[in-house]
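Here's my note on the model you sent over. Keep the viewer open and take the points one at a time.

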Amino acid sequence: MRYELIRILLVDDNHHMRVLLTEILRAIGVVHVHEAADGAEGLQALRSHAIDIVMTDLSMQPLDGIDFVRLLRNSSDSPNQMIPVIMITGHSTMRRVAEARDAGVNEFLAKPLTARGVLERLNRIVEHPRPYIRTQDYFGPDRRRRADPNFTGPWRRSSDTAVALSHQLN
């Protein structure tokens, strides 16, 4: 992957974390890094700059990462509803991961950060992008990461019919 072509926006109210992330990104070859100190500033940066991927912290003030992603995905004046988002946090409980996923986050990265973890998330977003889904109460990347051949529950999407049939034939 040509990291020098990727344009990343870091949204974090902690200046030291933004510096650390910028150093990790520069070490792997990312040249274009923009910064924002909170979600509101992040939305403005997305309106001002061409950005490919957003990396945001979960816990920020006054607009936290979850609310930032909800606005990004659902607001009528969103600068880019389909931009990939990596949520970074030290609060990696299942509840917080589910909350981030349900807000429309593409990937989740727990602290402490490592270059390997950052690389893995960037590669997943670029090399294995997930389709976006719109329902009455959700817009964002498909939350299902893989087809489960043992799933016997109800299929909820029109595209699931083809998946269900292929599982029955196999």
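Is Arg2 buried, partly exposed or exposed? Arg2 counts as exposed, because its relative accessibility is 54% and the cut-off for that word is over 50%. Keep in mind throughout that this is a predicted model.

1. **Arg2 and its partner.** Start where that question left off. Arg2 forms a salt bridge with Glu4, and the closest N and O atoms are 2.8 Å apart. Glu4 has a relative accessibility of 33%, so Glu4 goes down as partly exposed.

2. **A salt bridge inside a helix.** Now find helix 4, which covers residues 94-103. Glu99 and Arg95 both sit in this helix, 4 residues apart, or about one turn. Their side chains meet in a salt bridge, with 3.8 Å from N to O. That still counts, because the limit is within 4 Å. How exposed are the two ends? Arg95 is exposed, with a relative accessible area of 59%. Glu99, at 22%, is partly exposed, so take care not to call Glu99 buried, a word kept for values under 20%.

3. **Two neighbours to compare.** Asp102 and Arg101 form another salt bridge, and here the closest N and O atoms are 2.9 Å apart. Asp102 is partly exposed at 36% relative accessible area, and Arg101 is partly exposed too, at 37%.

4. **The overall plan.** Time to zoom out. The protein chain has 6 helices and 7 strands. Reading from the N terminus, the elements go β-α-β-α-β-α-β-α-β-α-β-β-α.

5. Which order do the strands take in the open sheet of 5 strands? The order is 2-1-3-4-5, and the pairing is parallel. Strand 2 (32-36) and strand 5 (107-110) are the edge strands, each pairing on one side only. On average, neighbouring strands of this sheet are turned by 20° against each other, ignoring direction.

6. **Strand 1 and its two partners.** Look for Leu9, which stands opposite His34 in strand 2. Strand 1 is also joined to strand 3 by 4 bridges, again with the strands running parallel. On that side, Val11 has Thr56 as its bridge partner in strand 3. Strand 1 is mostly covered, with 4 of its 5 residues buried.

7. **Further along the sheet.** Strand 3 (residues 53-57) and strand 4 (residues 85-89) run parallel, joined by 4 bridges. Met55 is a handy landmark here, standing opposite Ile86 in strand 4.

8. **Helices lying across the strands.** Helix 1 (residues 15-27) lies across strand 1 (7-11), strand 2, strand 3 and strand 4, and runs at about 170° to strand 2. Together, strand 1, helix 1 and strand 2 make a right-handed β-α-β unit. Helix 3 (residues 65-74) lies across strand 1, strand 3 and strand 4, at about 170° to strand 4.

9. **Two cis peptide bonds.** Gln61 and Pro62 are joined by a cis peptide bond, with omega about 0°. Pro62 sits in the loop between strand 3 and helix 3. The bond from Lys111 to Pro112 is cis as well, with omega near 5°. Pro112 belongs to the loop between strand 5 and helix 5 (115-127).

10. **The chain as a whole.** What share of the 170 residues is buried? For the protein chain, the answer is 42%. The chain exposes about 9700 Å², and carbon and sulfur atoms supply 51% of that area. Finally, take the contacts between residues at least 6 apart in sequence: 61% of them join residues at least 24 apart.

Methods
Residues are numbered from 1 along each chain as its sequence is written. This is a predicted model: local features need pLDDT of at least 70, side-chain atom pairs count only at pLDDT 80 or more; totals for chains, interfaces and linings use all residues. Side-chain values use heavy atoms; hydrogens and water are left out. Buried means under 20% relative accessible area, exposed over 50%, partly exposed in between (1.4 Å probe, protein chains only). Helices (H or I, at least four residues) and strands (E, at least two) are DSSP runs, numbered from the N terminus. Two strands pair if DSSP finds at least two bridges between them. Axes are lines fitted to C-alpha atoms, for helices over the stretch in contact, and angles run from 0 to 180 degrees between N-to-C directions. Contact means heavy atoms within 4.5 Å. Accessible areas come from the Shrake-Rupley method with a 1.4 Å probe; for residues, only the protein chains shown count as cover. A crossover is right-handed if, with the strands pointing away from the viewer, the path from the first strand over the helix to the second runs clockwise.
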